[in-house]
Amino acid sequence: MMYQSLENFSLRKINYVKTRTTILKTAANLLKQKEFSEITVDEICQKAQISRGTFFNYFSTKEHIFHYFIRIFTVKIALRMKQWKEDMAFEDKLKEVYQWFLEEKQYTEFTSSYINFLLTVGEEANEMKLIDAEFVYFFNGIKEEEYPYYNELTLGKLFEEMCEKAKARGEITLPGTKKELSALVIGVITGTYLSDHVVPEKEHLAIMNRIWKS
């Protein structure tokens, strides 16, 4: 959704945003029909009505489309987390985060793609950054001086902060550094996703959440 007008930006930046988002939306639509691994760059170009040269001007590889999506998704999650009440319980936060992952229906393989992204690239190495016009296009209320912060932000860092607060409040008694606990949050989310798909009649997040009091 576009929250603010792009009229104040140069035509070059406006076209940059439109082309990147067109490629992203095209990939998302194709994902409704097939696996990401089955989609080709040529297919994306044909559907988006762009040349291969244009595609590679914006994304070095097909996988960079997902890296771009992760950048946008991470900022979206961060803004949602800012709306949490101070006294919100850790397990309720985790439940909301898990629901936000599930809401990304346009990326039917979001969780499996995210795991692959973590293993092959790593959040810290995500080179896909948003330009100022994209921040204006996608988000509402982010100040210009905050752009560098959000371009370096990762889900891991967000989870570290969430775990630190929970540990200080005694909601997590499991020993471990904030980085280790953050990795466990990712494990709980992905593990719950897998378990819910194998045995859909049972809710597994509550079972996974038992680890925090170990």
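Student: At what angle do helix α9 and helix α10 pack?

Tutor: About 110°, with their axes 8 Å apart. Here α9 covers residues 155–168 and α10 covers residues 178–198. Axes are lines fitted to C-alpha atoms, for helices over the stretch in contact, and angles run from 0 to 180 degrees between N-to-C directions. Helices are DSSP runs (H or I, at least four residues), numbered from the N terminus. This is a predicted model: local features need pLDDT of at least 70, side-chain atom pairs count only at pLDDT 80 or more, and totals for chains, interfaces and linings use all residues. Residues are numbered from 1 along each chain as its sequence is written, and side-chain values use heavy atoms, without hydrogens and water.

Student: Which residues of α6 and α10 make their contact?

Tutor: Helix α6 (residues 110–120) packs against α10 at about 140°, with axes 10 Å apart. Thr111, Tyr114, Ile115 and Leu118 of α6 meet Ile186, Thr190 and Tyr193 of α10. Contact means heavy atoms within 4.5 Å.

Student: How many charged residues does that contact of α6 with α10 have?

Tutor: None; it has 5 nonpolar and 2 polar residues. Ala, Val, Leu, Ile, Met, Phe, Trp, Tyr, Cys and Pro count as nonpolar, Asp, Glu, Lys and Arg as charged, and the others, Gly among them, as polar.

Student: New topic. Where is Asn140 found?

Tutor: In the loop between α7 (132–138) and α8 (147–152).

Student: Is Asn140 buried or exposed?

Tutor: Exposed, because its relative accessibility is 51%. Buried means under 20% relative accessible area, exposed over 50%, partly exposed in between (1.4 Å probe, protein chains only).

Student: What separates the C-alpha atoms of Asn140 and Leu79?

Tutor: 9.3 Å, though Asn140 and Leu79 are 61 residues apart along the chain.

Conventions: Helix = DSSP H or I, 4+ residues; strand = E, 2+ residues; numbered from the N terminus.
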